[in-house]
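Hi,

Here is the structure I promised to pass on to you. Have a look at it first, and then read my notes below.

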Amino acid sequence: MSIAAELAATPPNALAARMARLRWSDFGLDLGSQLPRRSWASRKLHFDRDCEIGLFFLPCGQRIPLHDHPHIHVWMRVLCGRLRATSFTWQGPPLARRSGDAVLGETSPVWAVLPEHDNLHELEALEDVAFLDVLRPPYIDGRVCTYYQSTPAHGDLWHMTALP
């Protein structure tokens, strides 16, 4: 059974522990050959009605802009390199509160994004980085990822403006 098929079959309560045991070498890929020159790239490993699994690659200094995962649970495991994850939690759209700012690397715990917490986030590669995402459910049934621009509102709230 492939790693992706095994992860897809793993119950949610055991997924973080299983992902924590994964190493970059388990995937048999060369990071340099996966990195785009600019921006970011991904490689889909699994997709079915219940789960989507992908590897993401960011060169140092590149970002995945502020975005959401509507009504989706996401487990993320950094396999090599380091990145900064800045997250926000909706307080009632269009306002959100910054809920996290963490540097994640290959020794970090699996990062979980819940539909009701940390669901808006931006990722910045501090080094060339590869990470694994498991999404449950996947982007089906009208779910779409939206990108946002954040501007300070009042107090510790941020105004989120959806980008076209």
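**What I found**

Let's start inside: the largest nonpolar core has 20 residues, and Leu7, Met19, Leu132 and Val134 touch the most other members. A nonpolar core here is a set of buried Ala, Val, Leu, Ile, Met, Phe, Trp, Tyr and Cys residues joined through side-chain atoms within 4.5 Å. Buried means under 20% relative accessible area, exposed means over 50%, and partly exposed is in between (1.4 Å probe, protein chains only). At least two residues of this core come from each of helix H1 (3–9), helix H2 (12–20), strand E2 (52–58), strand E4 (73–80) and strand E9 (129–136). Apart from it there is another core, of 17 residues, including Ile64, Ile72, Leu104 and Trp111. In soluble globular proteins, nonpolar side chains tend to be buried together.

Before you go on, keep in mind that this is a predicted model: local features need pLDDT of at least 70, side-chain atom pairs count only at pLDDT 80 or more, and totals for chains, interfaces and linings use all residues. Residues are numbered from 1 along each chain as its sequence is written, and side-chain values use heavy atoms, with hydrogens and water left out.

What does Met19 touch, leaving out residues up to four places away in sequence? The list is Leu7, Trp75, Met76, Arg77, Val110, Leu132 and Val134, where a contact means heavy atoms within 4.5 Å.

Now the whole chain. Buried residues make up 42% of the 164 in the chain.

Next, the peptide bonds. Pro93 and Pro94 are joined by a cis peptide bond, with omega about 10°, and Pro94 sits in the loop between strand E5 (82–92) and strand E6 (95–105). Another cis bond joins Arg136 and Pro137, with omega about -10°; Pro137 is in the loop between E9 and strand E10 (148–152).

Finally, two backbone angles. Ser39 has a positive phi, near 65°, and lies in the loop between helix H3 (31–34) and strand E1 (41–47). Asp118 also has a positive phi, near 60°, in the loop between strand E7 (111–113) and strand E8 (120–125). Is each one buried or exposed? Ser39 counts as partly exposed because its relative accessibility is 34%, while Asp118 is buried, at 7%.

Cheers

How values were computed. Helix = DSSP H or I, 4+ residues; strand = E, 2+ residues; numbered from the N terminus.
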